[in-house]
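Morning, everyone. Today I'd like to talk about charged side chains. Here is the model.

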Amino acid sequence: MNKNAANAGSGATPAGRPARLSLADWMPKIVMAPTVIAAIVCIYGYMIWTAVLSFTNSRMLPTYKFVGFDQYERLFMNDRWMVALSNLGIFGGLFILICLFLGVMLAIFLDQKIRAEGAIRTIYLYPMAISFIVTGTAWKWLLNPTNGIEKMMIELGFEDFRFNWLSDPDMVVYCLVIAAVWQASGFVMALFLAGLRGVDSEMIKAAQLDGASTITTYRRIILPSLKPVFFSALVILSHIAIKSFDLVAALTNGGPGYSSDLPANFMYAHAFTRSQIGLGAASAMVMLGCVLAILIPYLYSELRGERHE
Amino acid sequence: MSNVAKRQTSTLDKVLRIALYVCLFGMAAVYLAPFLVMLLTSLKDVEEIRSGTLLSLPSSLNFDAWSKAWSGACTGSQCEGMAPYFFNSFQIVIPAVAISTLLGALNGYVISHWKFKGSDVFFAALLVGCFIPFQVILLPMARTLGWLGIANTTTGLVMVHVVYGVAFTTLFFRNFYQSIPVELVKAARLDGAGFFTIFYRIILPVSTPIIVVTVIWQFTQIWNDFLFGVAFSGFDTQPVTVALNNLVNTSFGGKEYNVDMAAAIIAALPTLVVYILAGKYFVRGLTAGAVKG
Amino acid sequence: MASLTIDNVKKRYGQTEILKGINISIEAGEFLILVGPSGCGKSTLMNSIAGLEDVSEGRILIGDNDVTYASPKDRDIAMVFQSYALYPNMTVAENISFGLEMRKVPKEEREAEVERVAEMLQIGHLLKRKPAQLSGGQRQRVAMGRALARRPKMYLFDEPLSNLDAKLRVEMRTEIKKLHQKLGTTIVYVTHDQIEAMTLADRIAVMKDGEVQQLGTPQEIYDNPTNLFVAGFMGSPAMNFIPAKVVEQNGSYALELQAATPTVVPFPKPDSLKAHVGKEILLGLRPEMITEPQPHKEGKEFVVTADIDVEVTEPMGADTMVLTRIQSAEVNCRCNPAYPARAGEAIAMMFDTSKAVAFDKDNGQRIDN
Amino acid sequence: MASLTIDNVKKRYGQTEILKGINISIEAGEFLILVGPSGCGKSTLMNSIAGLEDVSEGRILIGDNDVTYASPKDRDIAMVFQSYALYPNMTVAENISFGLEMRKVPKEEREAEVERVAEMLQIGHLLKRKPAQLSGGQRQRVAMGRALARRPKMYLFDEPLSNLDAKLRVEMRTEIKKLHQKLGTTIVYVTHDQIEAMTLADRIAVMKDGEVQQLGTPQEIYDNPTNLFVAGFMGSPAMNFIPAKVVEQNGSYALELQAATPTVVPFPKPDSLKAHVGKEILLGLRPEMITEPQPHKEGKEFVVTADIDVEVTEPMGADTMVLTRIQSAEVNCRCNPAYPARAGEAIAMMFDTSKAVAFDKDNGQRIDN
Amino acid sequence: GEVEVLHWWTSGGEAKSINVLKELMTEQGHTWKDFAVAGGGGESAMTVLKSRAIAGNPPAAAQIKGPTIQEWGDLGFLTNLDAVAEKGQWDVVLPQVVSDVMKYDGHYVAAPVNVHRVNWLWANPEIFKKAGASIPSTWEQFFEAADKIKAAGFTPLAHGGQAWQDATLFEAIALAKGSQFYSAAFVGLDDATLRGADMIDVFKTFKKTREYVDPGFSGRDWNIATSMVINGDAAMQIMGDWAKGEFTAAGKKAGIDYVCYAAPGTSGQFTFNIDSLAMFQVDDESAQGAQQDLAKLMLEPTFQETFNLNKGSIPARLNMPRDKFDTCAHASMDAFLASSTTGDLVPSMAHGMAVSSMVQGAIYDVVTNFYNSDSMTAEEAVDRLARAVKASM
Ligand SMILES: Nc1ncnc2c1ncn2[C@@H]1O[C@H](COP(=O)(O)OP(=O)(O)OP(=O)(O)O)[C@@H](O)[C@H]1O
Ligand SMILES: Nc1ncnc2c1ncn2[C@@H]1O[C@H](COP(=O)(O)OP(=O)(O)OP(=O)(O)O)[C@@H](O)[C@H]1O
Ligand SMILES: [Mg+2]
Ligand SMILES: [Mg+2]
């Protein structure tokens, strides 16, 4: 399984390689072309456009009056933005960790030849199916101090039970985490389950003989071989975390005050509701910058490391 | 580890197994709770919702809210319920899912088995790209669609979904194909198979689990998308989420939570159906035992 | 170190019965070699012993413990898989030390052990590589290393040397032999290499179609095969089966071959032929027993010289195989390369029947036992 | 059918050079066997020929076409991978016919071809199975079948028989030989089996560490190795290298061995020793040239008998290997099992030096050429 | 011709009202393409509008109000309605404040549908009776009454913790400091006023109301808060006249089951919120005709009446028959007329009639954060307010 056979080859193509015009040789490139074009225009083109806007004082619609770094200055003077950023840190971190943990755990549990696997799997997955426009309401009720879980627990006899995170500016971000985990962890589970279903059974046998318990087999043998799946899951989860917009809009609408605001909401509110496209663009660029700062080193090590497997 | 032999179980094993089931069903209950709230609410009438607790059972089964949500509730000035919007959504979702999945599979295949100079870099760039907040691309995308003459059409929406979905589908497939031995592709090339033949005959048949995952992801994302749906659709091509949003945001004359909840469940039905159908293909992978070492 | 008893083990995949009631029992510390044609169920049996496949029927005992339903890790067995089954995400060193780690061996000991094993297998310079970066033979040695690093009750080796070059194979074979002598661990070993089988085994089990045909010491199997299959399977080139008629001669019984001219050859146990007088049987004679006439042997008991027709000659370095024909049967003769056998001509060959055996033509069973 | 020229091919993985400038050139229709120690680069070379790995330097020509950069499917080559690389999602039949399908062979022909190949490989009953349901040897045969179903310009076989039992291996070897004779297709074949190498090859290339050590006919390689490595690599058990002093004797030159008593043995090309008089060299003598004294040979030229110390005896069925020692060197002697060699005692052995070769002790090169 | 109308009048009453317009248009032989995007006070609808405008494909008419009309006018997207206005004598039938909002650069570009009064206090007389309190007409009275109500075990003030509701309450308190103060602060954005002692006072009063709302208020929708008053859980709510729809839907009668008063200290004052449809330039000629017809129809008394009866607001045009309207609406109409001459008619800051959306957003942020913060003092809040307003101008 010389995984890197193909890549090492491509890297080491001698300079003297004659240019060939056979269609077959071009096929991979042709196949990728639409995506490449789309990415260049619709991702990088727009990104640059946004970057340009962030240096203008665009308000309701884009204009090109440049104002230098004014928007960025205003952004970092803005208390609400700082709250949103720190919320993203807490929310994103917890959300990704808990989702990964739950997703892996559930996938492994489900992989134990469970009788009702299909049904359980669908139950874990279904939260993804329902738009947050409405589940937000259900969650709002559940987390509501006066008539949600708290009330249920009190009725069940736990008189002192208090659960008022939703109205506590310091705790409300954890409510977001709960709802987001509820929604996304099932998909992570599915992702890992698909990965588990492709693992070579001989390897597992070998580990059993080596004396590894089931848990160790998963931890040391199976999960490491699912590294690419972790990679997928991580990208997906950070994507969800960074773009969590509906969630906040439906569950807290940023409140109490703006204590549960996330950058995506901040950006949207400023760019569209408050006619401050310039500021919105600047906030988008900062978001993107944060992502890149974390993502690029990771990507680099992932794409390098994988060459030898 | 399904191939672990079934053997006579010791007491410990049994206890563990029971614990496992307890855990799984416990989690299932937790996952179900919000849904139960929604379901129960949808079966109550407005008065009961106001007075009862969240998980109290409805006094009588009452499907009025469901039929209203389906065909009677007002979404804007029309009062035709959710029904008409389903078709719009399907028109968007089916081609968008199909195209983005196919493109993702092909891209993943190229990136993992037909590397060329820059393909890895491009993959990284694509990934970075999927972190661009969707809100910022609304305006330039609107302009682009206007130029292309497909603003506010289904085609335009499909295109938008494909463009921003393909990064994820590529990611899924690439990471899955990474574990397919290169020897298989080599053998097929020697056998005289070309680029597409290898893809179709060798790679696709072992991709079922990842196709399932990708379709689930894409279908859900596109079906539940609101932002693009609202910004790029025409008045007659609005997807179901926009209708749901309109329906839910009724704030005049008392909120009909039962109808809202019923509508939400109805709106989620196609996705659920996809989960159930696609889930069947979550079979064990087939790569094992093909090669040595 | 523990004895192994396989008691009427059957294994079915769906309808097909792969193991049809295997009975083998060896002492603690014995070296058992499984041989048999491709697809006869050797790997399946190994997997069953290791507990990696459930048996459909029967029992497996290690020492006095019935382990039929024990989990693999409780059986304390190390195995080399035919398909290697290396952990692709671990380096060679990690692959080797994983089993030790699982048994809670301290880090320093593990490292020392990895070194030792790697040196023995000549893969010291590969310790940091991932399996995908190894050649076929190197992978196979890593698979070996993984098993050898441990000190289990029993080793299972499934064709562990098949992808190694001859030289390395000899060295590895010697290492395994030494290991066995030093530790005295029970070993079950699958090989297709006759020399491996003959030199390593305390006992050989010859399998065919999911059944054990014969279980015995190498010498027993070689000299005293119970049936045509075993006789034909062991030894390379295979034993010759020459149609021969049982004739009565001087009150004893002998065999008549249709060589270039009919020739009567003596038989070590003439009395066993009595029941078959006048019938045709198969005379089993190994190629090295049909050679160019050798002056120092001629005239001895059981030595007869006759002319036979040469069909093909095959030089093999040390010897030349001369392919001849007696009636319908091809007969291989092992000659000195200098012996001037030429295709199409008849030439004198010396038959040494002192170790000859005889088989029933119809059911393939030995008749001289 | 096409000739193959490999012109200074180099291959690097990152820093490490795996192929260090390979030069091989064979005629159309020749059968080339690659041998060499595990990890020396055989599979890498095969992959390069097939176009599955880009070479870092050098050229590869098939016929007169430079195919160095041609895509694999344009080279019209069929290959058996060392790791089989069966398509896991296809049945055996589909695996075999896939290549034909790709070449647009009509369905009936394909089916007929699958049947034919399957019968030849004795896997007819497995056609409907998936690879995961096969035994190791069966998988290997399917891999063979996949190549054999096609009629390419060239076949590449990478250890195609390693997991087969001896009998099947002989049969398959014969089939391959027949195939080659019938079709005359150029074949490159990797094997670790000496007999396969000797019997199949038109030419053998002995590789070591990414370099070709010698390219020649089997007989050349066996009788006339260019260096110590080739001499030691081919033949099993390996050629003995006995330290010997060059002495002048009767105006000619001979070699003195430190057997139990110093013994002088003649050498076929005495003049080549001239430059080394008084120095110690290595005498290369194959085990079959050191046997129990054989009356019919004694007294012939180049035959000398001397006593040597027996260390171990190893019965191998047809022969017994007697391991002896001359100075520091282990010397293998191939004796009749009846010869009463006993460990610890000295016994007479007959040295036949008619095919002996001599090597420089320091650089391992032949000195008698 | 065709008119595509982008709006967020999706809730029951509103939808019914807009259907009237639709029918009227259809009668005229036009096609009505309904593009409704509900939610969030039109946030989504605004997004759609921008995206459509930038794609070069704006709808014929869109629900835009207040200063936003000017912004769109600035960008040159709006069409001229002067011809219709002249025929319909808009300058005559519309009060000056209303017609000013509808004009860009002196030309009509939008048509109004209604006028909301925002500074209402809705009360449940039952609870007041039980608590022995009387309906407050100043903020001092408010807190007195609230204490009694609280003591009687009810929630004094029904409130939903969303930014715009906070701002609505805040603006009512500010209005009690006088229309001049209000205008200087929220229309003129005068720095001194924003930092002044009065403003500090406003913030303090504002914060004090926090003690009279129940703990579950955060994130609550306004209509839930209203239903607390309806159900007899809470005594009062400060909310615009759209709250009336909730009472009506619950079968409650004005003056009997519930009462409406001006917010404490603001009787005679009127914070207005005008809904309107702005007309965009479209290429198609028949569409242009339809557009003009639409503008004309919107000002017809029939439509104005039905729409406002449904929505709880009062007609934008003057001199309408008022017999179908209820007492609260009558009060509203009276106040509207009276205040329009005294300068007590002020645009609602909380509902985007006073300032641009940027400033409005900045004020929202400070107000809502202050209301939910335990530590921020009124002085700090005032400072932040002034700075935020400056920064967003
Ligand atoms: N991807 C790789 N990266 C680095 N080194 C590699 C890689 N693949 C193979 N090698 C090294 O290249 C050398 C040649 O490998 P190759 O597979 O050609 O050997 P081989 O002659 O076929 O050996 P064997 O007989 O064991 O199959 C080996 O030493 C191996 O470790
Ligand atoms: N999963 C399976 N389903 C059905 N038949 C199987 C399965 N696995 C193996 N077999 C069959 O069982 C038989 C025994 O297989 P096994 O691997 O034990 O053979 P083996 O003796 O090890 O052969 P080899 O020498 O070729 O490795 C083979 O004929 C094989 O085709
Ligand atoms: Mg096997
Ligand atoms: Mg190899």
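I'll go through some salt bridges and then a charged patch. This is a predicted model, where local features need pLDDT of at least 70, side-chain atom pairs count only at pLDDT 80 or more, and totals for chains, interfaces and linings use all residues. Residues are numbered from 1 along each chain as its sequence is written, chains are lettered from A and ligands numbered from 1 in the order written, and side-chain values use heavy atoms, leaving out hydrogens and water.

How many salt bridges does the structure hold over all chains? There are 64. A salt bridge here is a side-chain nitrogen of Lys or Arg within 4 Å of a carboxyl oxygen of Asp or Glu.

Take Arg384(E) and Asp79(A). Their side chains meet in a salt bridge at 3.5 Å, N to O. Arg384(E) lies in helix H19 of chain E and Asp79(A) in helix H4 of chain A, so this pair joins two chains. Helices are DSSP runs (H or I, at least four residues), and strands are too (E, at least two), numbered from the N terminus.

Glu379(E) and Lys204(E) form a salt bridge at 3.6 Å, N to O. Glu379(E) is in helix H19 and Lys204(E) in helix H12, so the pair ties together parts 175 residues apart in sequence.

There is also a network. Salt bridges link Arg80(A), Asp261(A), Arg274(A) and Asp365(E).

Last, the patch. Glu140(E), Glu144(E), Asp147(E) and Glu211(E) gather in a surface patch of negative charge. Patch residues have over 30% relative accessible area and no salt bridge; like charges are joined within 9 Å, nonpolar side chains (Val, Leu, Ile, Met, Phe, Trp, Tyr) within 5 Å. One of the four, Glu144(E), lies in helix H8.

Technical notes
Accessible areas come from the Shrake-Rupley method with a 1.4 Å probe; for residues, only the protein chains shown count as cover. Lys and Arg count as positive and Asp and Glu as negative; His and the chain ends are not counted. The place of a charge is taken as NZ of Lys, CZ of Arg, CG of Asp or CD of Glu.
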